[in-house]
Amino acid sequence: MNSPFRIIGKSFPRLDARGKVSGKAIYGTDFVMQGMLHGKLVHSPIASGEILSIDTADAMAMPGVYTVVTAADIPAQRYGSFVKDMEVFASSHVNFVGQPVAAVVARTAEEAEAAAKSVRIEYKETPGVFTTEDAALPDAPLVHPDWEQYKAVPTVRRKGNVTNDARLVLGDVDKALKESYRVFTHRFVTNVVHPGYTEPRAAVAHWDDANQLIVWSNTQLPFEAQATLAEIFKLTPSQVRVNVTVIGGGFGGKLRLGVEHYAAAAALKAGRPVKFVSTCEEEMTSALPRQPLIIELTTGVTQDGKILAKAASILVDTGATSGSGVGVASSVMLMLAGPYKIPNLRLESRSVYTNKTPTGSFRAPAGPQGNFAVESQMDIIADALGIDPLEFRLRNIVREGDLAPNGQKLESVSLEECLLKAADAIGWKDRRPEPGRGKGIACAWWTTTSGSSGVYVKVGPDGQVFLNTGCAEIGTAALTGAAQVLAEALGVELSSIQIVSGDTASTPFDFGAQGSRTAFAVGNACLDAVGKLQQRMKEIAAKQFAVKPEEVAIDNGAAKFGEKSLSLKEIAANAQTSQGGLIAHGTFIAPPTLHDKERTENMVITAINSPSFHAHAVDLSVDAETGEVKIHDYVVVQDVGRAINPKYIEGQIEGGVVQGIGQALSEEIVYENGVVRNPGLTDYKMPTAMDAPNIRSIIVESPSKVGPYGAKGVGEPPVIHPPAAIANAIASAVSARVQTLPITAEKIVQTLAEVSELPK
């Protein structure tokens with residue numbers, strides 16, 4: 001009630017709500033153009049092999065078919081984030097089951113799908129590799145025999161199927177392990193999970209008379225899509241225009257190209273607009289799911305529960321292309337180091353090609369996998385030492401002013417508060433309230449992704465304010481949060497603001513809706529724009545008042561000198577008639593996070609920017625006979641820096657927890673020799689609303705010096721902790737520790753059986 005803010009900290013309805021609830025919003029799957037055709041992909045049925053021939057005659061003879069597109073129809077241009085190892089259509093080799101080899105364009109989607117089955121492709125199958133351990137062997141078959149010819153960023157170091165080999169090193173680990181009271185080594189395994197957005201990937205492409213490629217898609221990164229499409233089709237970026245439609249969820253799965261490039265290639269050959277929409281099976285077999293990891297983790301501790309050393313060997317299965325695996329191989333080391341004081345550290349991580357689905361960025365890349373390993377082992381060690389797991393964490397966590405394992409100085413550290421509040425809320429003192437029931441806790445830190453943002457803020461003569469941003473709204477309400485920052489700073493009501501977003505031709509550049517950065521970065525750009533607008537307001541008002549600009553004050557959105565006052569609306573109207581309107585270009589790029597570069601080697605992600613801190617606690621029961629897990633209560637304590645819109649932060653927390661519960665207990669894309677055995681949502685077992693437990697959110701505000709009004713990134717952290725917190729609660733409930741995700745009922749029963757067979 002004593003808040004100094006008018007707009008910040010209040011749960012206003014999101015600005016894009018009306019279109020979404022009324023059904024008028026145009027999602028990617030809804031978008032149509034006059035004369036539009038439909039495309040369907042032809043996928044490889046084998047995991048590794050040569051393409052000997054492609055026969056399209058039968059498909060071309062099918063009803064409604066306009067053309068069939070293959071690699072021969074487009075420039076032979078490879079692309080990729082860290083390593084340029086991707087092709088639009090496979091040209092000579094295929095590297096995974098589901099890899100697109102051709103596309104059929106027809107009058108309707110049904111006709112295209114029918115004709116796609118008539119494209120005849122002859123392959124010569126070659127040996128593949130399906131586990132990272134096999135793929136990393138020196139004599140393993142190469143997923144990309146020609147990888148030496150591929151371009152890559154300088155930090156990437158490739159050898160065989162290894163796409164990068166990175167380290168985070170501090171102190172003398174071997175010496176510290178020898179001096180440790182106890183040394184613990186464990187192996188943790190995570191599996192492939194899909195982001196689970198409700199709207200599949202969709203795009204419509206059209207080439208206009210000036211040979212400009214225009215794409216409408218549900219991408220999270222319109223400017224990266226623009227740059228990548230330009231690279232593929234050998235155009236300048238300005239020859240590509242990407243318009244973002246309304247998006248039905250992304251979670252990182254729509255960061256990279258989804259179907260935009262197929263639509264562009266098809267439209268180029270067909271001479272008509274072409275639409276592609278992924279099917280459910282394509283989503284499960286050839287989208288960009290989360291990387292599975294194998295983590296061997298060794299930790300040495302003192303008798304009184306202080307961590308002396310930590311070592312880890314990490315294998316990241318990046319699938320058939322390097323994708324985001326190189327970045328995950330870096331960020332997982334920061335997660336394994338965790339928000340703990342560790343004097344000796346040696347973490348080694350490799351991302352490795354396999355003949356499986358290419359992986360990508362998924363909400364908090366590497367977060368759940370790394371946290372599952374480190375926080376599971378924290379409980380194992382605590383129990384072995386006879387120390388309460390909460391107390392063990394409190395003895396080792398970082399606090400204000402400490403150096404993180406990578407050497408960065410930590411500020412605005414609230415981890416102890418988060419842990420204590422989570423423990424208190426879940427009733428931690430009664431950790432095992434009854435047989436078969438237990439409580440678990442886990443904590444973590446997370447980054448706020450950097451990258452630049454620009455906004456145009458324009459004030460109309462009627463006082464309406466337009467926030468023009470290149471960032472897409474992917475369903476998080478983050479742009480409503482940025483608008484709240486703008487409204488607060490400019491002195492207007494939130495209802496006065498309209499958002500224009502996601503058009504590469506008319507909006508300023510933005511690094512994109514990724515990495516918990518949207519409200520943080522776009523909000524800061526808004527603050528920059530407001531500073532410039534207010535300077536112009538002073539200059540315009542000064543002429544009216546016949547004084548100097550520095551004598552004019554901005555108060556509650558108006559320019560004032562003594563008793564004289566001009567409202568924002570009056571100044572905007574004046575500016576429109578005298579100098580082309582009242583408009584400002586705001587920009588922001590996060591300052592670099594200083595750290596000790598001597599501790600990192602080949603890491604593409606070396607620091608945690610504006611770190612946030614959080615703790616989750618869960619109370620659950622386990623049926624020892626069936627292995628069924630029932631979650632009674634789930635508590636999230638998250639430091640958000642400043643809660644710009646508390647309701648939508650709670651929404652992000654609840655959604656993230658449910659997504660994390662799916663990764664913890666049920667979700668897994670199952671492979672057999674590279675073939676996905678559960679390509680439908682029936683067998684994938686994503687949680688539904690019926691599976692969501694009671695989730696309580698406790699918001700902590702420890703303001704960041706960088707964020708707008710102190711805000712930190714919010715969207716990704718909630719998905720990080722559930723696997724670890726749930727694993728710890730299950731172990732507390734039934735003394736069975738499952739170290740492979742997902743922790744299915746079958747694994748729990750099997751582990752209980754193995755425990756019962758151990759000598760007493």
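A salt bridge here is a side-chain nitrogen of Lys or Arg within 4 Å of a carboxyl oxygen of Asp or Glu. The views below come from a predicted model, and the structure holds 39 salt bridges.

**View 1. A network of salt bridges links Arg157, Asp165, Arg167, Glu348 and Glu601.** Side chains of opposite charge can pair when their charged atoms come close.

**View 2. Arg167 and Glu601 form a salt bridge through their side chains.** The N to O distance is 3.5 Å. Arg167 belongs to strand β7 (residues 162-170) and Glu601 to strand β24 (residues 600-601), so the pair ties together parts that are 434 residues apart in sequence. Arg167 has a relative accessible area of 22% and is partly exposed. Glu601 is also partly exposed, at 33% relative accessibility.

**View 3. The side chains of Arg517 and Asp510 meet in a buried salt bridge pair.** Their N to O distance is 2.9 Å. Both residues, Arg517 and Asp510, are buried.

**View 4. Asp633 is joined to Arg696 by a salt bridge.** The closest N and O atoms of Asp633 and Arg696 are 2.5 Å apart. Asp633 sits in strand β26 (residues 629-639) and Arg696 in strand β29 (residues 695-700), so this pair ties together parts that are 63 residues apart in sequence. Asp633 has 13% relative accessibility and therefore counts as buried, whereas Arg696, with a relative accessible area of 33%, is partly exposed.

Key
Residues are numbered from 1 along each chain as its sequence is written. This is a predicted model: local features need pLDDT of at least 70, side-chain atom pairs count only at pLDDT 80 or more; totals for chains, interfaces and linings use all residues. Side-chain values use heavy atoms; hydrogens and water are left out. Helices (H or I, at least four residues) and strands (E, at least two) are DSSP runs, numbered from the N terminus. Buried means under 20% relative accessible area, exposed over 50%, partly exposed in between (1.4 Å probe, protein chains only).
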